[in-house]
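Please keep the model open while reading these notes.

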Amino acid sequence: MRNALLLAVFACAGAAHASEDIADKYPNSLLYNKPVEVIPGVFSAIGATAPPTYENSGHNNNLSFIITGDGVVVVNGGAAYSLAKALHDEIRAITDQPVKLVFNENGQGHAVLGNNYWTEQGIPVVAHQEAADVVEEYGGSILEGMKRYNRDKAEGTKVQGPTVTFEDEYIVDMGDFHIEARYLGPAHSPGDIVIWLPEQSLVIAGDMAFHERMLPIFEDTYTADWLETWDTEFEALGATYVIPGHGHPTNMDQVRRYTKGYLEYLRGEVGELIENGGGLAEAYYVDQSPYANLDTFEELATKNAGRVFEQMEFE
């Protein structure tokens, strides 16, 4: 009954999120939100559905953790040393169990820049090999970008890649939880993984799935591949509960609407433009109004359309 109620609440969470990214919602911590228990033993500190800023301390993604009964598994290193420490402080306030493992959902700054805090504690950090490659090649510039907005909050942060990498899956049995870190295929960015809890039917989806905010399409985001991964692998999980990379915990219907649905819609609009002989300049103005309610729409919609056009004209 409790889980059914939670699911109903999370499914409707998008209705009241519009002003969430305006101010810090947990002023006693660098975290944007205090961690909430999604299902028994699984917690998430929900980040701002906005770009990273000094005000949100770079906490604009979801920082999750699993209290297994024999230790804690953390999902995402955090955007800075100080933010990782703030998350650890919250974990310690909930449980005496030690953190034993950290996963990076990909190689983006908000997933990896807190890694050196965790490795200082002697905790292994696990990620996909492609995410590790991103940190190795671009870690310095990712760190400098974080320092520009986070200023004094960046203190102590150093580039630290994952200490353990994998290609397809990394399975952990700890306490009461069977935990599967899986690389399902190309998605939002190189090395995107999901953390699948089959016995709980919950997936910590990382940037495979977005909710309540518009997803960004990067230069290395291949939307056709992302859709194929979604259809062939992500849907096959049959998850009841989804903790997305961004936005409140919810269900498959919601993340399907705002991730797969948006990608298909935008590709459809751009495809029609191409068929009618339109060019890149016109692509920026394709109608994306059905998704105008999403946070970061103003920042991302036109960029997304341009990148999809550049991909599709050569498909």
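**Notes on the model**

1. Ala45 has Leu63 of S3 as its bridge partner. Strand S2 (residues 42-45) pairs with S3 in the antiparallel sense, over 4 bridges. Strands pair here if DSSP finds at least two bridges between them. Strands are DSSP E runs of at least two residues, helices are H or I runs of at least four, and both are numbered from the N terminus.

2. This is a predicted model: local features need pLDDT of at least 70, side-chain atom pairs count only at pLDDT 80 or more, and totals for chains, interfaces and linings use all residues. Residues are numbered from 1 along each chain as its sequence is written, and side-chain values use heavy atoms, without hydrogens and water.

3. S3 also joins strand S4 (residues 72-75) through 4 bridges, running antiparallel. Phe65 has Val74 of S4 as its bridge partner. S3 and S4 make a hairpin with 4 residues between them. Gly69 in the turn has a positive phi of about 100°.

4. How many residues of S3 are buried? In strand S3 (residues 63-67), 5 of 5 are. Buried means under 20% relative accessible area, exposed over 50%, partly exposed in between (1.4 Å probe, protein chains only). Leu63, Phe65 and Ile67 point one way from S3, Ser64 and Ile66 the other way. In a regular strand the side chains alternate between the two faces of the sheet.

5. Leu237 sits in the loop between helix H6 (223-234) and strand S12 (241-246). Leu237 is buried, at 11% relative accessible area. Leu237 touches Arg182, Leu184, Val194, Trp196 and Val203, leaving aside residues up to four places away in sequence. Contact means heavy atoms within 4.5 Å.
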